[in-house]
Amino acid sequence: MIGKLRKKFIAVSVLSTFIVLSVIISGIHVMNYHRIENDADRMLSLIAENDGKMPFGKPKFEMGKKDDFGKRDMIKFSPETPYETRYFSVVIGANGIVERSDTGKIAAIDTESAVQYAKEIYNGNKSSGFEGNYRFLKSEKDGATIITFLDCTRELDGFKSFIVISVIVSAIGLLAVSALIVVASKVILKPVEESYTKQKQFITNAGHEIKTPLTIIDANTEVIEMINGASEWTESIKNQVKRLSSLTADLISLSRMEEESRFEMNDFPISDVVEEECDVFKGMAEIKGKELTSEIEKNLSYNGDEKAIRQLTSILLDNAIKYTDENGTIIVKLRKSGRKINLSVYNTVESITKEDTERMFERFYRADFSKNSETGGYGIGLSIASAIVSAHKGKINAETEDGKSLKINITI
């Protein structure tokens, strides 16, 4: 149990770290990409306002246009900017004919390619965006359409390199944090482990200590009956001793069930095991006026602890017989689904709630329909069943469709 708790703690911690890192890195990349777009759009606006050419010197447009709030977008502009900027522009008249093109500030694009790029943008619906590594801006001036392209290869390559580096660094950081979490989990969960170990030791030791006085009480009761004869009082004492002995045995069994190393896993015919247990309980069900039927797929084999699976089936059938309503029905099904085995026990009840099905496997929990001492149960059986299923890496759950029936499903 502690091992599973530690694995869950590590998984949750690592997953949380991964999510936080992903959000931070993604946010940085998104902001960085928007910065590249904004810087390129400002530069394109500056070029477009100068009729598709980069102004030299310190242009009057360097402060940019005012926005709706009266603020100006600053454009970083130095004497070297016109020589560093790689761009080309094409002017298309109102009739759709290319009036002029300027490719003097870029070596990778000739006039023909520039016109081809411009016509694609002119016929498209976008006024700005990326065409490959070129950021474009389509603007109107004096009845003509100016389409300006800015080479953003260097910025985009830097952006991509930053993504790769950040992912690598994040991965290394995640591995480092994961290693620290693995080490720290031992220290963090050590008090829990010690408490759990002491609890199991207490249950086991207390169980053995209780057995002795119970044996003495039972023996003394037998002696009293031999001397004075049996009476309702001695019979009551014997019944309570029997019930307390059963409870003690169940608590010790549950404590041991949680130690998975105690199970011996071997191949065995699970179909035969379940069918044999059903045959044992059919007579008991018939005596109590209840009908038990089974639908068991033949020749199924399973690798597990045969004794534990037999006990699991016995617990489920005993529970079903105890709490099935008068003249009720019990149906046991066993079938194979892929590589897994499905076992289900269905029985009718007088009434049951969703809360009952959710808490049914808690220790000492007994649903409203079972809070009657005549059933002889303590709410331990299904906890033992849950421990057996858990030890076999399986799942167990209870459900009700109409509040008048209970179905316990097991997948191992």
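User: How many helices and strands does the secondary structure of the protein chain come to?

Analyst: Happy to start there: the chain has ten helices and twelve strands. Helices (H or I, at least four residues) and strands (E, at least two) are DSSP runs, numbered from the N terminus. Please keep in mind that this is a predicted model, where local features need pLDDT of at least 70 and side-chain atom pairs count only at pLDDT 80 or more, while totals for chains, interfaces and linings use all residues. Residues are numbered from 1 along each chain as its sequence is written, and side-chain values use heavy atoms, with hydrogens and water left out.

User: What share of the residues of the protein chain count as buried?

Analyst: Buried means under 20% relative accessible area, exposed means over 50%, and partly exposed lies in between (1.4 Å probe, protein chains only). Of the 412 residues here, 37% count as buried.

User: And how should I read the contacts between residues at least 6 apart in sequence?

Analyst: A contact means heavy atoms within 4.5 Å. Among contacts in the protein chain between residues at least 6 apart, 64% join residues at least 24 apart.

User: Let's turn to sheets. How do strands of a sheet pair?

Analyst: They pair through backbone hydrogen bonds, in either a parallel or an antiparallel way. For the assignment, two strands pair if DSSP finds at least two bridges between them. Axes are lines fitted to C-alpha atoms, for helices over the stretch in contact, and angles run from 0 to 180 degrees between N-to-C directions.

User: Over how many bridges do E1 and E2 pair?

Analyst: Strand E1 (residues 87-92) and E2 pair in the antiparallel sense over four bridges.

User: What is the strand order of the open sheet with mixed pairing?

Analyst: The order of that five-stranded sheet is E7-E9-E10-E12-E11. Strands E7 (291-296) and E11 (395-399) are at the edges, each pairing on one side only. Neighbouring strands are turned by 10° against each other on average, direction ignored. Within this sheet, E9 (residues 329-337) and E10 (residues 340-348) pair in the antiparallel sense over eight bridges, and Arg 335 has Asn 342 as its bridge partner in E10.

User: Which strands do helices H8 and H10 lie across?

Analyst: Helix H8 (residues 306-323) lies across E7, E9, E10 and E12 (405-411), running at about 15° to E10. Helix H10 (residues 381-391) lies across E11 and E12, at about 140° to E11.

User: How does the span of helix H4 read against what is expected?

Analyst: The expected span of a helix is 1.5 Å times one less than its number of residues. H4 (residues 153-188) has 36 residues and reaches 50 Å from its first C-alpha to its last, close to the 52 Å expected. The buried residues of H4 include Leu 156, Phe 159, Leu 174 and Ile 181, along with Ser 166 and Ser 170.

User: How many salt bridges does the count come to?

Analyst: A salt bridge is a side-chain nitrogen of Lys or Arg within 4 Å of a carboxyl oxygen of Asp or Glu, and the count comes to 13. One of them joins Asp 39 and Arg 35 (3.3 Å, N to O). These two residues are four apart in helix H1 (residues 2-49), so about one helical turn separates them. Asp 39 is partly exposed at 36% relative accessibility, and Arg 35 is partly exposed at 44%.

User: Which parts does the salt bridge of Lys 238 and Glu 225 tie together?

Analyst: The side chains of Lys 238 and Glu 225 meet at 3.4 Å, N to O. Lys 238 lies in helix H6 (residues 232-257) and Glu 225 in helix H5 (residues 190-228), so the pair ties together parts 13 residues apart in sequence. Lys 238 is partly exposed at 23%, whereas Glu 225 is buried at 15%.

User: Which residues do salt bridges that share partners join into one network?

Analyst: Start from the salt bridge between Glu 277 and Arg 310 (3.3 Å, N to O). Glu 277 is in helix H7 (residues 270-287) and Arg 310 in H8, so this pair ties together parts 33 residues apart in sequence. The network itself consists of Glu 276, Glu 277, Glu 306 and Arg 310.
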